[in-house]
Amino acid sequence: MRFPGYALELGSLAAWACLVALSLWHNLGLLDAQAREVAAARARMLFSVVETTRLWNARHGGLYAPVTAESPPNEWLIDPLRDVDIDGRSFTKINPAYMTRQMSELMDKRGGMSFRLTSLKPVRPGNLPDPWEAKALTLFENGGTELLERVTDDTGGDHYRYMARLLVEEACLQCHANQNYQVGEVRGGISVTFDAAQVLAEINPQKQQTIVLHGVGYVLLAGATLAFLTWLRAGWRQLAQAKAEQEAMVAERTQELRQAVDDLARSNTELENFAYAVSHDLQEPLRMIGSYAQLIDRRYADHLDADGREFLGFMTDGAQRMKQMIDDLLAYSRAGRTEIHPQPVALERVLESALANLTAALQESGGQVLRDGTLPVVAGEVSMLVRVLQNLVGNALKYRHPERQAQVVVSARPHVQGWEIRVADNGIGVPEAARERIFQVFQRLHSNAKISGTGIGLSIAKKIVERHGGRIWVEDNRPQGSVFCFTLPTVPAGTDVPASQQQSGAN
Ligand code: HEC
């Protein structure tokens with residue numbers, strides 16, 4: 001398994017970038033809103049001052065000021081008392097709109113901030129609104145009270161523009177009654193304009209601070225995340241390396257083991273082949289020794305003294321024992337070499353055949369073989385299984401207790417590997433220490449003298465059972481004797497069982 005590529009790093013950096021950008025955008029938005037509030041407060045203040053001054057003027061029905069070049073008589077003011085002379089000096093009436101205009105001009109000269117009086121239905125054409133003012137005035141006609149916007153003009157200047165309405169009051173009607181205005185109606189408005197830079201200058205340091213803070217925050221978060229991921233990656237790499245080493249080791253051991261098993265199997269096969277060849281080749285000379293010993297016995301027995309005849313007897317006997325051993329060895333080899341074609345086999349029949357082969361031994365020992373329940377049908381090779389039961393029952397008779405009649409009980413019970421066949425006896429038993437050994441070739445429980453046999457019967461049984469995929473072992477029997485157990489596979493479901501191999505009690 002591999003640690004995901006650097007996508008994790010890139011992904012988390014991108015995620016943090018998105019998050020920080022979102023926060024920055026939000027905070028800058030808050031600052032912009034704050035700037036707007038500042039701008040609105042300023043504009044409202046100026047508007048309120050101008051409006052109040054105008055109202056003060058209107059309540060006086062206009063105020064007189066000396067006529068000068070800057071303030072000539074207002075051509076738009078229709079009033080019989082517009083121009084008066086006092087002590088030879090000329091005075092003219094300054095109506096609120098005229099006053100507002102003059103104040104506005106003064107403010108323009110100072111720069112930075114300006115305001116303007118306007119109306120959708122101006123008495124004086126010069127008071128016509130510009131498009132933005134017209135928009136605001138239309139808004140007021142429809143119930144709006146003020147408008148604040150940040151606008152960029154044609155020359156690229158960045159401004160805040162504010163406008164609020166002027167309502168008709170009683171005092172206004174002195175001069176505006178002939179235009180059919182009612183008290184409370186919108187007469188026009190005053191727009192206030194100033195450089196956005198003025199307000200932004202107050203906000204910008206905060207904006208810069210916010211940007212820097214976010215930058216630092218991002219670097220810290222990204223750094224911490226990268227450090228964490230690097231740490232994680234290092235740990236992971238260590239783990240992966242350890243795992244790889246372990247796997248390599250396991251693979252190496254497995255290889256060694258397989259090699260050893262192969263070697264063992266090969267040497268085993270070689271040994272068996274050798275044993276087979278040797279046994280086979282030994283048969284002929286042995287037969288010769290046996291035959292000639294008999295010949296000598298027949299023809300020259302009279303010429304021999306008692307010792308000679310006894311020696312000849314030993315010789316014949318030895319040759320016979322050796323022949324038995326060679327036969328058993330060949331049988332053992334064959335058990336390992338013959339191909340197995342498993343067929344359904346009724347163990348009842350197998351046991352019958354085995355007992356038939358053991359007739360002599362049964363008579364000689366006076367033993368008794370019983371069956372506990374019916375024996376099952378298993379998958380296997382008939383002749384080989386006959387051999388197994390024959391060897392086991394034969395052994396049970398052979399190793400009977402001298403003071404008891406031999407009694408052998410054959411039974412079967414289900415086992416995880418199919419069936420477990422049990423051959424129980426009341427014989428001399430097998431001591432714990434010998435339970436492995438007795439299944440090896442030529443390993444006998446008892447010395448030659450007492451009981452005849454080559455010690456290969458159990459080896460053959462073991463080989464056959466193992467070739468069938470089963471296992472063989474020996475247990476204690478209660479109260480005395482031993483139980484030889486072995487497992488055999490069941491017949492696979494759906495296999496046709498020939499009539500000859502069906503259970504006697506099944507149908
Ligand atoms: C003494 C007379 C007088 C009074 C009082 C007066 N106005 Fe006017 N107003 C005028 C004249 C004359 C104009 C024409 C243009 C100018 O002078 O710029 C005018 C212009 C205006 C304008 C500019 C648009 C336009 O029509 O040219 C507005 C807005 C306005 N007056 C609002 C008011 C309001 C609101 C009041 C009451 C608070 C008021 N005026 C009181 C005489 C008066």
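Asn180 sits in the loop between α4 and β7. The model is predicted.

User: Why is Asn180 called exposed?
Analyst: Asn180 has 7 C-beta neighbours inside 10 Å. The cut-off for exposed is 12 or fewer, so Asn180 counts as exposed.

User: How do you know whether Asp87 is buried or exposed?
Analyst: Asp87 has 4 other C-beta atoms within 10 Å. Exposed means 12 or fewer, so Asp87 is exposed. Its place is the loop between β2 (83-86) and β3 (89-94). Asp87 also has a positive phi, near 50 degrees, in a residue other than glycine.

User: What makes the bond between Arg478 and Pro479 a cis peptide bond?
Analyst: Omega is about 0 degrees there. Pro479 lies in the loop between β13 (472-476) and β14 (482-488).

User: How many helices and strands does the protein have?
Analyst: There are 10 helices and 14 strands.

User: Why is the protein called more spread out than a compact globule?
Analyst: The globule rule gives 23 Å for 507 residues. The radius of gyration is 62 Å, well over that value, so the protein is more spread out than a compact globule. The C-alpha trace spans about 200 × 50 × 40 Å along its principal axes.

User: Which residues come nearest the ligand, and which element gives the most to its shell?
Analyst: Ala97, Arg124, Cys172, Cys175 and Gly188 come nearest, of 29 residues around the ligand. α2 gives the most, with four residues.

Technical notes: Residues are numbered from 1 along each chain as its sequence is written. This is a predicted model: local features need pLDDT of at least 70, side-chain atom pairs count only at pLDDT 80 or more; totals for chains, interfaces and linings use all residues. Helices (H or I, at least four residues) and strands (E, at least two) are DSSP runs, numbered from the N terminus. The radius of gyration is taken over C-alpha atoms; the globule rule is 2.2 Å times the number of residues to the power 0.38. A residue is near a molecule or strand if its C-beta atom, placed from the backbone, lies within 6 Å of it. A residue is buried if 20 or more other C-beta atoms lie within 10 Å of its own, exposed if 12 or fewer, and partly exposed in between; C-beta atoms are placed from the backbone.
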